[in-house]
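User: Could you help me learn to read how helices pack and how domains touch? I'd like to see it worked through on a real example.

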Amino acid sequence: MKRPTRLWLHMVLTIAEAAWLLPMYVMVSTSLKNPREVALGQYIAPPHGLELNNYIVAFGVLKQGLLNSIVVAIPATALAVFLGSWAGFFLAMFRFRHSQTIFFVASVATFLPYQIILIPFTQFMAALNLFNTQLGLIVAYLLLNVPMAALISATFFQMLPPELQEAAALDGCGPVTFYFRILLPVAQLGLVSTTILIFTMIWNEFLIAITLTQGPYTQMATPVLAGLKGNYAQLWHIQMAGAMITSIPPLIIFIFLGRYFIAGLMAGTLKG
Amino acid sequence: MRYSKGHIILFLTPLGLVVLFMYAMMLWTAYVSLNNWVGMAPSWNFNGLANYLTLFRMERFWINLQNNILWMVIFIPPTAFLGLVLAYALELSGRAEAFFRPIFLYPMALSFVVTGTLWAWMYDPGSGVINALLKGVGLGALAQPWIASPKQALYCMIGAAIWQYTGFAMTLYLAAIRDISREIIEASRVDGASDLQVFIHIVVPNVQHATMIVVAMLTLFSLKVFDLVWVMTMGGPGNSTEVLSYFMFVATFRQQLVGLGAAISVIILILAVVVVIPYASWSMKRMQT
(Lines give C-alpha, C1' and ligand atoms only; values in the text may rest on other atoms or scores of the structure.)
Protein backbone atom coordinates (compact mmCIF):
# COMPACT_ATOMS: atom_id res chain seq x y z
CA MET A 1 0.00 0.00 0.00
CA LYS A 2 1.29 3.44 -0.91
CA ARG A 3 2.17 5.64 1.99
CA PRO A 4 0.98 9.26 1.66
CA THR A 5 3.65 11.95 2.18
CA ARG A 6 1.75 13.56 5.08
CA LEU A 7 2.85 17.14 5.01
CA TRP A 8 0.57 17.91 7.98
CA LEU A 9 2.35 15.35 10.08
CA HIS A 10 5.76 16.90 9.61
CA MET A 11 4.40 20.38 10.20
CA VAL A 12 2.63 19.46 13.42
CA LEU A 13 5.61 17.58 14.78
CA THR A 14 8.16 20.22 13.80
CA ILE A 15 6.20 23.13 15.26
CA ALA A 16 5.37 21.26 18.44
CA GLU A 17 8.93 20.08 18.81
CA ALA A 18 10.25 23.64 18.45
CA ALA A 19 7.75 24.88 21.02
CA TRP A 20 8.72 22.15 23.48
CA LEU A 21 12.45 22.61 23.05
CA LEU A 22 12.51 26.40 23.12
CA PRO A 23 12.19 26.80 26.92
CA MET A 24 14.94 24.25 27.52
CA TYR A 25 17.13 25.87 24.89
CA VAL A 26 16.83 29.39 26.34
CA MET A 27 17.38 27.98 29.83
CA VAL A 28 20.63 26.28 28.84
CA SER A 29 21.96 29.05 26.63
CA THR A 30 21.11 31.87 29.05
CA SER A 31 22.69 29.98 31.93
CA LEU A 32 25.97 30.25 29.97
CA LYS A 33 25.76 33.94 29.06
CA ASN A 34 27.32 36.90 30.81
CA PRO A 35 25.06 39.67 32.15
CA ARG A 36 25.75 41.98 29.21
CA GLU A 37 24.71 39.35 26.69
CA VAL A 38 21.56 38.60 28.66
CA ALA A 39 20.69 42.31 28.80
CA LEU A 40 20.62 42.43 24.98
CA GLY A 41 17.49 40.32 25.13
CA GLN A 42 18.56 38.18 22.17
CA TYR A 43 17.66 34.95 23.84
CA ILE A 44 17.72 32.81 20.72
CA ALA A 45 21.34 33.71 19.97
CA PRO A 46 23.78 31.14 21.33
CA PRO A 47 26.18 32.29 24.07
CA HIS A 48 29.48 33.80 22.91
CA GLY A 49 31.55 32.14 25.57
CA LEU A 50 30.84 29.78 28.42
CA GLU A 51 30.13 31.91 31.47
CA LEU A 52 30.65 29.16 34.03
CA ASN A 53 30.73 31.78 36.76
CA ASN A 54 26.90 31.68 36.73
CA TYR A 55 27.07 28.07 37.75
CA ILE A 56 29.60 28.82 40.46
CA VAL A 57 27.36 31.53 41.93
CA ALA A 58 24.22 29.38 41.71
CA PHE A 59 26.00 26.32 43.08
CA GLY A 60 27.30 28.37 46.01
CA VAL A 61 23.70 29.15 46.96
CA LEU A 62 22.35 25.68 46.24
CA LYS A 63 25.04 23.35 47.51
CA GLN A 64 23.67 22.79 51.01
CA GLY A 65 20.20 22.31 49.54
CA LEU A 66 21.49 19.79 47.02
CA LEU A 67 23.30 17.91 49.74
CA ASN A 68 20.16 17.89 51.88
CA SER A 69 18.11 16.64 48.94
CA ILE A 70 20.56 13.78 48.42
CA VAL A 71 20.68 12.92 52.11
CA VAL A 72 16.88 12.88 52.29
CA ALA A 73 15.90 11.40 48.94
CA ILE A 74 18.18 8.36 48.89
CA PRO A 75 17.22 6.71 52.20
CA ALA A 76 13.57 7.72 51.86
CA THR A 77 13.43 6.18 48.39
CA ALA A 78 15.27 3.02 49.38
CA LEU A 79 13.04 2.37 52.40
CA ALA A 80 9.83 3.30 50.60
CA VAL A 81 10.64 0.97 47.71
CA PHE A 82 11.57 -1.86 50.05
CA LEU A 83 8.49 -1.58 52.27
CA GLY A 84 6.23 -0.79 49.32
CA SER A 85 7.39 -3.67 47.13
CA TRP A 86 7.26 -5.97 50.16
CA ALA A 87 3.51 -5.37 50.34
CA GLY A 88 3.09 -4.89 46.60
CA PHE A 89 4.52 -8.35 46.00
CA PHE A 90 2.05 -9.98 48.32
CA LEU A 91 -0.92 -8.09 46.92
CA ALA A 92 0.07 -8.89 43.34
CA MET A 93 0.80 -12.60 43.87
CA PHE A 94 -1.92 -13.78 46.20
CA ARG A 95 -5.67 -13.48 46.31
CA PHE A 96 -7.00 -13.66 49.83
CA ARG A 97 -9.89 -12.19 51.76
CA HIS A 98 -9.84 -8.40 51.57
CA SER A 99 -6.76 -8.24 49.35
CA GLN A 100 -8.74 -6.15 46.87
CA THR A 101 -10.00 -3.91 49.64
CA ILE A 102 -6.49 -3.30 50.90
CA PHE A 103 -5.33 -2.45 47.41
CA PHE A 104 -8.28 -0.09 46.94
CA VAL A 105 -7.79 1.68 50.25
CA ALA A 106 -4.08 2.10 49.55
CA SER A 107 -4.77 3.51 46.06
CA VAL A 108 -7.19 6.06 47.41
CA ALA A 109 -4.62 7.14 50.00
CA THR A 110 -2.04 7.51 47.23
CA PHE A 111 -4.16 9.64 44.97
CA LEU A 112 -5.63 12.04 47.51
CA PRO A 113 -3.79 15.38 47.59
CA TYR A 114 -1.52 15.38 50.62
CA GLN A 115 -2.49 18.93 51.59
CA ILE A 116 -5.17 17.25 53.66
CA ILE A 117 -2.67 15.68 56.03
CA LEU A 118 -0.23 18.57 56.17
CA ILE A 119 -1.45 20.05 59.45
CA PRO A 120 -1.34 16.85 61.54
CA PHE A 121 1.90 15.98 59.80
CA THR A 122 3.61 19.12 61.07
CA GLN A 123 2.20 18.53 64.56
CA PHE A 124 3.38 14.95 64.49
CA MET A 125 6.88 16.02 63.45
CA ALA A 126 6.97 18.71 66.11
CA ALA A 127 5.88 16.21 68.77
CA LEU A 128 8.71 13.87 67.79
CA ASN A 129 11.22 16.75 67.70
CA LEU A 130 11.67 16.07 64.00
CA PHE A 131 10.51 19.44 62.77
CA ASN A 132 13.19 21.15 60.68
CA THR A 133 15.43 18.06 60.56
CA GLN A 134 16.54 15.85 57.73
CA LEU A 135 15.28 12.82 59.59
CA GLY A 136 11.85 14.43 59.72
CA LEU A 137 11.87 14.88 55.96
CA ILE A 138 12.95 11.27 55.47
CA VAL A 139 10.09 10.06 57.66
CA ALA A 140 7.61 12.30 55.86
CA TYR A 141 8.61 11.17 52.38
CA LEU A 142 8.77 7.58 53.49
CA LEU A 143 5.22 7.67 54.82
CA LEU A 144 3.90 9.44 51.74
CA ASN A 145 5.61 7.12 49.28
CA VAL A 146 5.15 3.64 50.74
CA PRO A 147 1.59 3.30 49.36
CA MET A 148 2.71 4.70 46.00
CA ALA A 149 5.62 2.24 45.86
CA ALA A 150 3.27 -0.63 46.74
CA LEU A 151 0.86 0.23 43.93
CA ILE A 152 3.52 0.76 41.29
CA SER A 153 5.49 -2.35 42.15
CA ALA A 154 2.30 -4.46 42.40
CA THR A 155 1.36 -3.32 38.90
CA PHE A 156 4.68 -4.60 37.62
CA PHE A 157 4.67 -7.83 39.62
CA GLN A 158 1.28 -8.74 38.17
CA MET A 159 2.92 -8.93 34.78
CA LEU A 160 5.40 -11.63 35.83
CA PRO A 161 4.74 -15.06 34.32
CA PRO A 162 2.74 -17.36 36.66
CA GLU A 163 5.18 -20.22 35.91
CA LEU A 164 7.68 -18.45 38.14
CA GLN A 165 5.43 -18.97 41.12
CA GLU A 166 4.55 -22.53 40.20
CA ALA A 167 8.20 -23.49 39.87
CA ALA A 168 8.96 -21.87 43.21
CA ALA A 169 6.08 -23.76 44.83
CA LEU A 170 7.40 -27.08 43.51
CA ASP A 171 10.74 -26.34 45.11
CA GLY A 172 8.94 -25.69 48.38
CA CYS A 173 9.97 -22.07 48.45
CA GLY A 174 7.89 -19.80 50.70
CA PRO A 175 6.91 -16.18 50.15
CA VAL A 176 9.87 -14.70 52.07
CA THR A 177 12.47 -16.73 50.18
CA PHE A 178 10.61 -16.03 46.96
CA TYR A 179 10.72 -12.27 47.54
CA PHE A 180 14.46 -12.15 48.23
CA ARG A 181 15.79 -14.95 46.01
CA ILE A 182 13.54 -14.78 42.97
CA LEU A 183 11.49 -11.62 42.84
CA LEU A 184 14.24 -9.06 43.55
CA PRO A 185 16.57 -10.42 40.85
CA VAL A 186 13.82 -11.15 38.31
CA ALA A 187 11.53 -8.13 38.61
CA GLN A 188 14.17 -5.51 37.93
CA LEU A 189 12.11 -3.53 35.43
CA GLY A 190 9.47 -2.96 38.07
CA LEU A 191 11.87 -2.26 40.90
CA VAL A 192 14.07 0.13 38.93
CA SER A 193 11.01 1.96 37.61
CA THR A 194 9.52 2.30 41.08
CA THR A 195 12.83 3.46 42.52
CA ILE A 196 13.62 6.15 40.00
CA LEU A 197 10.06 7.44 39.89
CA ILE A 198 9.94 7.83 43.66
CA PHE A 199 13.43 9.31 43.82
CA THR A 200 12.49 11.89 41.19
CA MET A 201 9.24 12.74 42.96
CA ILE A 202 11.03 13.31 46.25
CA TRP A 203 13.81 15.29 44.61
CA ASN A 204 11.28 17.52 42.85
CA GLU A 205 8.85 17.85 45.76
CA PHE A 206 8.22 21.31 47.20
CA LEU A 207 5.21 21.55 49.53
CA ILE A 208 6.43 19.13 52.22
CA ALA A 209 9.92 20.56 51.85
CA ILE A 210 8.87 24.13 52.66
CA THR A 211 6.38 23.11 55.32
CA LEU A 212 8.67 20.92 57.41
CA THR A 213 11.91 22.90 57.16
CA GLN A 214 13.02 26.48 57.47
CA GLY A 215 16.38 28.13 56.97
CA PRO A 216 19.44 27.17 54.96
CA TYR A 217 20.74 24.19 56.97
CA THR A 218 17.91 21.75 56.45
CA GLN A 219 16.14 23.02 53.34
CA MET A 220 16.16 20.85 50.25
CA ALA A 221 17.16 22.11 46.82
CA THR A 222 13.67 23.03 45.60
CA PRO A 223 12.89 25.63 48.31
CA VAL A 224 16.40 27.05 47.92
CA LEU A 225 15.84 27.40 44.18
CA ALA A 226 12.50 29.10 44.82
CA GLY A 227 14.34 31.48 47.18
CA LEU A 228 17.06 32.09 44.58
CA LYS A 229 14.35 33.43 42.31
CA GLY A 230 13.59 36.10 44.91
CA ASN A 231 17.18 36.99 45.78
CA TYR A 232 18.38 37.09 42.19
CA ALA A 233 15.29 38.72 40.72
CA GLN A 234 15.72 39.63 37.05
CA LEU A 235 19.20 38.00 37.02
CA TRP A 236 17.99 35.38 34.60
CA HIS A 237 21.43 33.88 33.94
CA ILE A 238 21.86 33.00 37.63
CA GLN A 239 18.29 31.74 37.96
CA MET A 240 18.66 29.55 34.89
CA ALA A 241 22.00 28.16 36.09
CA GLY A 242 20.31 27.32 39.41
CA ALA A 243 17.38 25.70 37.63
CA MET A 244 19.80 23.66 35.53
CA ILE A 245 21.79 22.48 38.53
CA THR A 246 18.63 21.44 40.38
CA SER A 247 17.43 19.55 37.30
CA ILE A 248 20.61 17.57 36.73
CA PRO A 249 19.68 14.41 38.70
CA PRO A 250 16.17 14.03 37.22
CA LEU A 251 17.41 14.87 33.74
CA ILE A 252 20.22 12.33 33.96
CA ILE A 253 17.67 9.75 35.06
CA PHE A 254 15.41 10.75 32.19
CA ILE A 255 18.19 10.57 29.60
CA PHE A 256 19.67 7.24 30.68
CA LEU A 257 16.71 5.50 32.31
CA GLY A 258 13.84 7.25 30.54
CA ARG A 259 12.13 4.00 29.65
CA TYR A 260 11.93 3.02 33.32
CA PHE A 261 10.87 6.49 34.39
CA ILE A 262 7.97 6.49 31.93
CA ALA A 263 7.01 2.92 32.82
CA GLY A 264 6.87 3.93 36.49
CA LEU A 265 4.87 7.03 35.70
CA MET A 266 2.33 4.97 33.77
CA ALA A 267 2.09 2.30 36.47
CA GLY A 268 1.49 5.12 38.96
CA THR A 269 -1.80 5.93 37.22
CA LEU A 270 -2.99 2.31 37.72
CA LYS A 271 -3.63 2.18 34.00
CA GLY A 272 -3.43 -1.61 34.06
CA MET B 1 3.11 -21.14 46.63
CA ARG B 2 1.80 -21.80 50.07
CA TYR B 3 1.34 -19.01 52.54
CA SER B 4 -0.18 -18.69 55.96
CA LYS B 5 -2.02 -16.01 57.89
CA GLY B 6 1.32 -15.15 59.43
CA HIS B 7 2.65 -14.30 56.00
CA ILE B 8 -0.26 -11.96 55.35
CA ILE B 9 0.51 -10.12 58.57
CA LEU B 10 4.24 -10.11 57.88
CA PHE B 11 3.91 -8.67 54.40
CA LEU B 12 1.06 -6.25 54.86
CA THR B 13 1.73 -4.73 58.26
CA PRO B 14 4.12 -1.97 57.10
CA LEU B 15 1.83 -0.81 54.31
CA GLY B 16 -1.22 -1.24 56.52
CA LEU B 17 0.24 0.91 59.28
CA VAL B 18 1.23 3.66 56.87
CA VAL B 19 -2.17 3.71 55.22
CA LEU B 20 -3.98 3.66 58.56
CA PHE B 21 -1.80 6.50 59.74
CA MET B 22 -2.72 8.54 56.67
CA TYR B 23 -6.44 7.99 57.12
CA ALA B 24 -6.13 8.80 60.80
CA MET B 25 -4.47 12.08 59.90
CA MET B 26 -7.28 12.90 57.49
CA LEU B 27 -9.77 12.41 60.30
CA TRP B 28 -7.58 14.53 62.52
CA THR B 29 -7.63 17.32 59.93
CA ALA B 30 -11.40 17.04 59.73
CA TYR B 31 -11.62 17.37 63.51
CA VAL B 32 -9.22 20.35 63.56
CA SER B 33 -11.49 22.09 61.05
CA LEU B 34 -14.26 22.03 63.67
CA ASN B 35 -12.12 23.88 66.18
CA ASN B 36 -11.17 27.48 66.61
CA TRP B 37 -7.44 26.82 66.57
CA VAL B 38 -5.32 29.93 66.11
CA GLY B 39 -1.55 29.95 66.68
CA MET B 40 1.18 27.35 66.55
CA ALA B 41 0.21 25.23 69.57
CA PRO B 42 -2.92 23.10 69.36
CA SER B 43 -5.96 24.72 70.91
CA TRP B 44 -9.13 22.70 71.08
CA ASN B 45 -12.05 25.09 71.19
CA PHE B 46 -14.85 23.25 69.47
CA ASN B 47 -16.85 25.69 67.38
CA GLY B 48 -18.73 23.42 65.02
CA LEU B 49 -18.94 24.58 61.44
CA ALA B 50 -17.89 28.16 62.20
CA ASN B 51 -14.69 27.85 60.15
CA TYR B 52 -16.65 26.71 57.14
CA LEU B 53 -19.16 29.53 57.54
CA THR B 54 -16.30 32.05 57.81
CA LEU B 55 -14.80 30.57 54.68
CA PHE B 56 -18.05 30.73 52.74
CA ARG B 57 -18.39 34.40 53.59
CA MET B 58 -14.90 35.22 52.30
CA GLU B 59 -14.70 36.52 48.77
CA ARG B 60 -11.14 35.18 48.63
CA PHE B 61 -12.35 31.61 49.11
CA TRP B 62 -14.75 31.84 46.17
CA ILE B 63 -12.08 33.42 43.95
CA ASN B 64 -9.70 30.58 44.85
CA LEU B 65 -12.31 27.92 44.21
CA GLN B 66 -13.18 29.56 40.91
CA ASN B 67 -9.50 29.52 39.96
CA ASN B 68 -9.28 25.79 40.72
CA ILE B 69 -12.30 25.24 38.48
CA LEU B 70 -10.74 27.43 35.78
CA TRP B 71 -7.64 25.27 36.05
CA MET B 72 -9.66 22.16 35.28
CA VAL B 73 -11.59 23.75 32.45
CA ILE B 74 -8.65 25.45 30.75
CA PHE B 75 -5.84 23.04 31.55
CA ILE B 76 -7.37 19.63 30.86
CA PRO B 77 -8.96 19.86 27.37
CA PRO B 78 -5.92 21.33 25.54
CA THR B 79 -3.51 18.99 27.31
CA ALA B 80 -5.60 15.95 26.43
CA PHE B 81 -6.23 17.12 22.88
CA LEU B 82 -2.60 18.00 22.19
CA GLY B 83 -1.51 14.73 23.77
CA LEU B 84 -3.86 12.76 21.54
CA VAL B 85 -2.89 14.59 18.35
CA LEU B 86 0.81 14.23 19.09
CA ALA B 87 0.38 10.56 19.96
CA TYR B 88 -1.38 9.95 16.65
CA ALA B 89 1.24 11.94 14.76
CA LEU B 90 4.02 9.97 16.44
CA GLU B 91 2.32 6.68 15.70
CA LEU B 92 2.11 7.63 12.01
CA SER B 93 5.66 8.95 11.88
CA GLY B 94 7.11 5.45 12.15
CA ARG B 95 10.77 5.34 13.04
CA ALA B 96 11.01 9.09 13.74
CA GLU B 97 8.87 8.43 16.82
CA ALA B 98 11.84 7.37 18.93
CA PHE B 99 13.46 10.71 18.17
CA PHE B 100 10.43 12.94 18.78
CA ARG B 101 8.89 11.30 21.82
CA PRO B 102 11.46 12.27 24.49
CA ILE B 103 11.20 15.92 23.44
CA PHE B 104 7.64 16.05 24.70
CA LEU B 105 8.38 13.97 27.75
CA TYR B 106 11.41 15.56 29.35
CA PRO B 107 9.37 18.31 31.07
CA MET B 108 7.75 15.54 33.16
CA ALA B 109 11.12 14.93 34.80
CA LEU B 110 11.50 18.54 35.93
CA SER B 111 10.42 19.95 39.27
CA PHE B 112 7.53 22.41 39.22
CA VAL B 113 9.93 24.78 40.92
CA VAL B 114 12.19 24.58 37.86
CA THR B 115 9.25 24.90 35.47
CA GLY B 116 7.94 27.86 37.45
CA THR B 117 11.33 29.60 37.49
CA LEU B 118 11.74 29.05 33.79
CA TRP B 119 8.24 30.10 32.75
CA ALA B 120 8.10 33.10 35.07
CA TRP B 121 10.97 34.39 32.96
CA MET B 122 9.37 33.35 29.66
CA TYR B 123 6.33 35.44 30.63
CA ASP B 124 8.17 38.38 32.22
CA PRO B 125 6.71 41.56 30.69
CA GLY B 126 9.97 43.55 30.73
CA SER B 127 12.79 41.18 29.83
CA GLY B 128 10.91 37.95 29.24
CA VAL B 129 11.56 35.52 26.41
CA ILE B 130 8.14 35.66 24.76
CA ASN B 131 7.99 39.45 24.47
CA ALA B 132 11.62 39.54 23.31
CA LEU B 133 10.81 37.02 20.58
CA LEU B 134 7.76 38.97 19.47
CA LYS B 135 9.84 42.14 19.20
CA GLY B 136 12.58 40.23 17.43
CA VAL B 137 10.26 39.21 14.60
CA GLY B 138 8.67 42.65 14.32
CA LEU B 139 5.51 41.76 16.24
CA GLY B 140 6.33 43.99 19.21
CA ALA B 141 2.77 45.30 19.09
CA LEU B 142 1.59 41.88 20.27
CA ALA B 143 3.71 42.02 23.43
CA GLN B 144 1.61 41.46 26.53
CA PRO B 145 2.01 42.03 30.26
CA TRP B 146 1.47 38.22 30.65
CA ILE B 147 2.25 37.17 34.19
CA ALA B 148 2.05 40.74 35.49
CA SER B 149 -1.56 41.14 34.41
CA PRO B 150 -4.35 40.00 36.74
CA LYS B 151 -6.36 39.04 33.67
CA GLN B 152 -3.67 36.93 31.99
CA ALA B 153 -1.55 35.50 34.80
CA LEU B 154 -3.71 32.44 35.49
CA TYR B 155 -3.75 31.49 31.82
CA CYS B 156 0.01 31.96 31.60
CA MET B 157 0.50 29.57 34.48
CA ILE B 158 -1.81 27.03 32.90
CA GLY B 159 0.26 27.38 29.72
CA ALA B 160 3.35 26.29 31.64
CA ALA B 161 1.44 23.31 33.05
CA ILE B 162 0.28 22.30 29.56
CA TRP B 163 3.91 22.34 28.45
CA GLN B 164 4.83 20.09 31.34
CA TYR B 165 1.93 17.61 31.13
CA THR B 166 1.27 17.13 27.42
CA GLY B 167 3.90 14.39 27.22
CA PHE B 168 2.12 12.53 30.01
CA ALA B 169 -1.19 12.57 28.13
CA MET B 170 0.64 11.72 24.92
CA THR B 171 2.21 8.60 26.44
CA LEU B 172 -1.12 7.30 27.71
CA TYR B 173 -2.74 7.94 24.33
CA LEU B 174 0.15 6.36 22.45
CA ALA B 175 -0.28 3.16 24.46
CA ALA B 176 -4.03 3.26 23.82
CA ILE B 177 -3.57 3.77 20.07
CA ARG B 178 -1.19 0.80 19.94
CA ASP B 179 -3.83 -1.35 21.60
CA ILE B 180 -6.24 -0.70 18.74
CA SER B 181 -6.26 -3.70 16.45
CA ARG B 182 -4.01 -3.21 13.41
CA GLU B 183 -6.59 -4.90 11.20
CA ILE B 184 -9.27 -2.29 11.79
CA ILE B 185 -6.91 0.51 10.82
CA GLU B 186 -5.44 -1.33 7.84
CA ALA B 187 -8.91 -2.28 6.58
CA SER B 188 -10.10 1.31 6.70
CA ARG B 189 -6.96 2.45 4.90
CA VAL B 190 -7.67 -0.06 2.13
CA ASP B 191 -11.15 1.44 1.92
CA GLY B 192 -9.46 4.77 1.28
CA ALA B 193 -9.89 6.46 4.65
CA SER B 194 -7.71 9.53 5.15
CA ASP B 195 -5.57 10.16 8.25
CA LEU B 196 -8.24 12.50 9.55
CA GLN B 197 -11.02 9.97 8.99
CA VAL B 198 -9.06 7.25 10.77
CA PHE B 199 -8.44 9.68 13.62
CA ILE B 200 -12.08 10.66 14.01
CA HIS B 201 -13.74 7.30 13.39
CA ILE B 202 -11.25 4.83 14.78
CA VAL B 203 -8.73 6.49 17.09
CA VAL B 204 -11.00 8.83 19.04
CA PRO B 205 -13.68 6.23 19.90
CA ASN B 206 -11.08 3.66 20.92
CA VAL B 207 -9.00 5.67 23.37
CA GLN B 208 -11.76 6.51 25.85
CA HIS B 209 -10.09 4.66 28.70
CA ALA B 210 -6.92 6.72 28.20
CA THR B 211 -9.07 9.84 28.33
CA MET B 212 -10.50 8.66 31.65
CA ILE B 213 -7.01 8.31 33.09
CA VAL B 214 -5.81 11.63 31.69
CA VAL B 215 -8.85 13.53 32.92
CA ALA B 216 -8.71 11.95 36.38
CA MET B 217 -4.99 12.60 36.84
CA LEU B 218 -5.13 16.16 35.51
CA THR B 219 -8.18 16.94 37.64
CA LEU B 220 -6.28 15.84 40.72
CA PHE B 221 -3.35 17.95 39.61
CA SER B 222 -5.64 20.97 39.15
CA LEU B 223 -6.99 20.48 42.67
CA LYS B 224 -3.62 20.36 44.36
CA VAL B 225 -1.58 22.74 42.19
CA PHE B 226 0.62 24.71 44.55
CA ASP B 227 4.27 24.84 43.51
CA LEU B 228 3.69 26.68 40.24
CA VAL B 229 1.56 29.30 41.99
CA TRP B 230 4.13 29.78 44.72
CA VAL B 231 7.08 30.09 42.36
CA MET B 232 5.52 32.07 39.53
CA THR B 233 3.20 34.59 41.18
CA MET B 234 2.74 33.99 44.92
CA GLY B 235 -0.95 34.08 44.08
CA GLY B 236 -0.75 37.54 42.51
CA PRO B 237 -1.21 39.99 40.97
CA GLY B 238 -3.76 40.68 43.72
CA ASN B 239 -5.20 37.24 44.31
CA SER B 240 -5.85 36.54 40.66
CA THR B 241 -3.88 33.28 40.59
CA GLU B 242 -4.56 32.04 44.10
CA VAL B 243 -5.94 28.53 44.45
CA LEU B 244 -7.30 26.59 47.43
CA SER B 245 -4.08 24.77 48.27
CA TYR B 246 -2.18 28.06 48.28
CA PHE B 247 -4.78 29.69 50.53
CA MET B 248 -4.63 26.64 52.79
CA PHE B 249 -0.86 27.00 53.15
CA VAL B 250 -0.97 30.75 53.79
CA ALA B 251 -3.87 30.53 56.24
CA THR B 252 -2.28 27.69 58.19
CA PHE B 253 1.42 28.37 58.19
CA ARG B 254 1.65 32.12 57.68
CA GLN B 255 -1.45 33.51 59.38
CA GLN B 256 -1.65 30.58 61.80
CA LEU B 257 -5.39 30.24 61.35
CA VAL B 258 -5.01 26.48 61.67
CA GLY B 259 -8.72 25.72 62.07
CA LEU B 260 -9.51 27.69 58.93
CA GLY B 261 -6.65 26.04 57.03
CA ALA B 262 -7.97 22.62 58.05
CA ALA B 263 -11.42 23.56 56.75
CA ILE B 264 -9.87 24.44 53.37
CA SER B 265 -8.03 21.08 53.40
CA VAL B 266 -11.30 19.28 54.02
CA ILE B 267 -12.89 21.04 51.06
CA ILE B 268 -9.95 20.01 48.88
CA LEU B 269 -10.39 16.47 50.22
CA ILE B 270 -14.09 16.40 49.36
CA LEU B 271 -13.42 17.65 45.83
CA ALA B 272 -10.66 15.06 45.39
CA VAL B 273 -12.73 12.19 46.77
CA VAL B 274 -15.36 12.82 44.09
CA VAL B 275 -12.69 11.98 41.52
CA VAL B 276 -10.53 9.46 43.36
CA ILE B 277 -13.11 6.94 44.57
CA PRO B 278 -14.76 6.34 41.17
CA TYR B 279 -11.37 6.38 39.47
CA ALA B 280 -9.79 3.87 41.85
CA SER B 281 -12.74 1.48 41.58
CA TRP B 282 -12.83 1.82 37.80
CA SER B 283 -9.12 1.08 37.43
CA MET B 284 -9.27 -1.87 39.83
CA LYS B 285 -12.05 -3.41 37.76
CA ARG B 286 -9.92 -2.95 34.66
CA MET B 287 -6.90 -4.54 36.29
CA GLN B 288 -8.88 -7.66 37.13
CA THR B 289 -9.95 -8.29 33.56
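Analyst: Happy to; we'll look at one helix pair and then at a domain contact. Keep in mind that this is a predicted model.

User: Which residues of α1(A) and α4(B) meet?

Analyst: From α1(A) come A:L13, A:E17, A:W20 and A:L21, and they meet B:F100, B:I103 and B:F104 of α4(B). By class, this contact has six nonpolar residues, one charged residue and no polar ones.

User: Now the domains. Where do domain 1 and domain 2 of chain A lie in the domain assignment?

Analyst: The assignment places domain 1 at 1-51 and domain 2 at 53-267 of chain A. Their C-alpha centres lie 32 Å apart.

User: How many residues of domain 1 of chain A are in contact with domain 2 of chain A?

Analyst: Eight residues of domain 1 are in contact with eight of domain 2. On the domain 1 side, the elements giving two or more residues are α1 and α2 (35-39) of chain A. The largest share, four residues, comes from α1(A). By class, that side divides into four nonpolar, two polar and two charged residues.

Technical notes
Residues are numbered from 1 along each chain as its sequence is written. Chains are lettered from A and ligands numbered from 1 in the order in which they are written. This is a predicted model: local features need pLDDT of at least 70, side-chain atom pairs count only at pLDDT 80 or more; totals for chains, interfaces and linings use all residues. Two residues are in contact if their C-beta atoms, placed from the backbone, lie within 7 Å. Ala, Val, Leu, Ile, Met, Phe, Trp, Tyr, Cys and Pro count as nonpolar, Asp, Glu, Lys and Arg as charged, and the others, Gly among them, as polar. Domain bounds come from an automatic or database domain assignment.
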